Amino acid sequence: MKDIFKPQDKKTHSFSVKKSDFATFEAGTVHKVCSTFSLGREMEWSSRLFVEEMLEPHEVGIGTFLNIDHHSPALLGEEIELIATYDGIKKNEVVCSIEVKVGERVIATGTTGQKILLREKINQIFASLER
């Protein structure tokens, strides 16, 4: 693992809210706003931007936790900006704080964790579960 970031370094990522981001379940659409689970996917990706640069060719990252506090809705077509702040490494786990905004309005905050493991190790873990 390349230890190339320092605490408070930032990565940003943005996306526009689409219908596929709505809170929709088998029973139908609950709300025509960006769902918490869509925010989770994008929050994890924003922290993954750090991990992608830290990986050695023989390593892989895997999510370990995601905490989301959803504060405000984001409507269809609104541009959402995610700001991931690198909190540091705990052993082999990259931890980030995430702020999610539409303009100046904070719509969510949270934290993510992703472990960096040897590719061989994660393949062994997955293989052991397939038996």
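Modeller: Set aside the neighbours within four places in sequence, and D9 is in contact with F50, A84, T85 and Y86. Keep in mind that this is a predicted model. D9 sits in the segment before β1, which covers 10-16. F50 is 41 residues away from D9 along the chain, yet their C-alpha atoms are separated by 9.3 Å. The D9 side chain also reaches the backbone nitrogen of K6, at 2.9 Å. D9 has a relative accessible area of 19%, so D9 counts as buried. The cut-off for buried is under 20%.

Now the salt bridges. The structure holds eight of them. Take E52 and R48 as one case. Their side chains meet at 2.7 Å, N to O. Both residues lie in helix α1, residues 36-54. They are four residues apart, about one turn of the helix. R48 is buried, with a relative accessible area of 17%. E52 is partly exposed, at 40% relative accessibility.

E42 and R41 form another salt bridge, with an N to O distance of 2.8 Å. E42 is buried at a relative accessible area of 11%. R41 is partly exposed at 42%. This pair also belongs to a network of salt bridges, in which K18, D21, R41 and E42 are linked.

K101 and E104 make a further salt bridge, where the closest N and O atoms are 3.8 Å apart. The cut-off for a salt bridge is 4 Å, so this pair still counts. K101 is buried, at 15% relative accessibility. E104 is exposed, at 71%.

Last, the nonpolar surface. F25, V30 and F37 form a nonpolar patch there. Together they have about 320 Å² of accessible area. F25 is found in strand β2, residues 22-25. Why does F25 count as exposed? Its relative accessible area is 51%, and exposed means over 50%.

F25, by contrast, is exposed and belongs to the surface patch. Among the charged pairs, E52 with R48 is the one placed within helix α1, while R41 and E42 are part of the linked network with K18 and D21.

Note on methods
Residues are numbered from 1 along each chain as its sequence is written. This is a predicted model: local features need pLDDT of at least 70, side-chain atom pairs count only at pLDDT 80 or more; totals for chains, interfaces and linings use all residues. Side-chain values use heavy atoms; hydrogens and water are left out. Patches are made of residues with over 30% relative accessible area and no salt bridge: like charges are joined within 9 Å, nonpolar side chains (Val, Leu, Ile, Met, Phe, Trp, Tyr) within 5 Å. Accessible areas come from the Shrake-Rupley method with a 1.4 Å probe; for residues, only the protein chains shown count as cover. Helices (H or I, at least four residues) and strands (E, at least two) are DSSP runs, numbered from the N terminus. Buried means under 20% relative accessible area, exposed over 50%, partly exposed in between (1.4 Å probe, protein chains only). Contact means heavy atoms within 4.5 Å. A polar contact is a pair of N or O atoms within 3.5 Å; within protein, one must be able to donate a hydrogen and the other to accept it, and residues adjacent in sequence count only if both atoms are side-chain atoms.
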